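This briefing covers a sheet, the helices packed against it and the surroundings of a ligand. The sequence and structure come first, then the notes by topic.

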Amino acid sequence: TPCLYIVATPIGQFDDLSPRAVEILNSVDWIACEDTRHSGHLFAHHQIKTRTTAIHDHNERQRAQWLIEQLEQGKSCALVSDAGTPLISDPGYHLVKQVRAAGYKVSAIPGACAAIAALSASGLPSDRFSFEGFLPSKEKARLDKLAALAQDPRTLMFYESPRRVLNSLESLAQAFGGDREMVLARELTKTFETYLHGSIDDIIERVSNDPDQQKGEIVLLVRGYDSASKDELPADALATLALLQTELP
Ligand code: SAM
């Protein structure tokens, strides 16, 4: 029966693609890629010769119809993004929703996801966590979002771009207090893989003093709010402070 496979791809190491993922990518009629040229390098490495088509943020809703027509004709398809698991800060949500609504089978072929990889090796509590995607680029929106998370007891995970990492770290310090424990996970599975562990203030200092730490791909993980901690201001005081900081000039 025709199926849409959601296939996770590596986040740095081409060989992190599972044998079953290779088998599925070889067996489907089409692979929908976020960027066909980008995925082409991975497919060449694994000698995957399946036809590709582009489905990205800007054409996803409209291309979903085309993909459903393929399934109607009995053809199976796979969706991949540039790296890691599709739909996780990547396109695919509208496609999966529409394909499911049309009554077709959707199956995940699991693999790398930067947030989960970072969490698993961070040393921060992993029993409860919240993935928050990318923080807003505008400071006011960023501080508002962080203020709403200031008392969240779960480990918080953010994706970040190297250009914005210092701004985001400063906002984290403002919203949560500079003493809060965090981990900056960079270039996972690649040559310059690094985990920086310390207080938010420590990490700001290390990242500002070493421009190399502002390069590549970054996941920020922040320990959740600990109401028993003596080091932190009371939660309501912190929330009020964070709100005030968004209003002050
Ligand atoms: N779908 C992907 C996943 O499952 O991880 C995430 C796609 S999102 C557009 C790209 C962001 O993921 C980067 O800005 C970075 O925050 C994070 N990321 C991807 N690869 C990474 C890596 N090798 N090391 C650290 N972070 C990574």
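Two strands pair if DSSP finds at least two bridges between them; helices (H or I, at least four residues) and strands (E, at least two) are DSSP runs, numbered from the N terminus. On that basis, five strands form an open sheet in the order β6-β7-β10-β8-β9, with mixed pairing. The model is predicted: local features need pLDDT of at least 70, side-chain atom pairs count only at pLDDT 80 or more, and totals for chains, interfaces and linings use all residues. Residues are numbered from 1 along each chain as its sequence is written.

**Sheet**
- The edge strands, each pairing on one side only, are β6 (129-134) and β9 (194-199).
- From one strand to the next the twist averages 15°; angles run from 0 to 180 degrees between N-to-C directions, and axes are lines fitted to C-alpha atoms, for helices over the stretch in contact.
- β8 and β10 are antiparallel partners over 5 bridges, and L184 has L220 in β10 as its bridge partner.

**Helices on the sheet**
- α5 lies across β6, β7, β8, β9 and β10, at about 50° to β10.
- Helix α7 (residues 165-176) lies across β7 and β10, at about 5° to β10.

**Helix α7 against α8**
- The axes of α7 and α8 (residues 200-209) come within 10 Å and cross at roughly 160°.
- That makes α7 roughly antiparallel to α8 (over 145 degrees; under 35 is roughly parallel, 65 to 115 roughly perpendicular, the rest oblique).
- The crossing is left-handed, meaning that the near helix is turned anticlockwise from the far one by less than a right angle; clockwise is right-handed.
- Contacts (C-beta atoms, placed from the backbone, within 7 Å) involve residues including L169 and F176 in α7 and I203 and V207 in α8.
- The residues of this contact divide into 10 nonpolar, 1 polar and 2 charged (Ala, Val, Leu, Ile, Met, Phe, Trp, Tyr, Cys and Pro are nonpolar, Asp, Glu, Lys and Arg charged, and the others, Gly among them, polar).

**Helix α6 against α7**
- Helix α6 (residues 139-147) packs on α7 at about 45°, with the axes 9 Å apart; the two are therefore oblique to each other.
- The crossing of α6 and α7 is right-handed.

**Ligand shell**
- Among the 24 residues around the ligand, G84, A114, Y159, L188 and E217 come nearest (a residue is near if its C-beta atom, placed from the backbone, lies within 6 Å).
- α5 (114-122), β7 (155-160), β8 (181-186) and β10 (218-222) each supply at least two shell residues.
- By class, the shell has 11 nonpolar, 7 polar and 6 charged residues.

Technical notes. Two residues are in contact if their C-beta atoms, placed from the backbone, lie within 7 Å.
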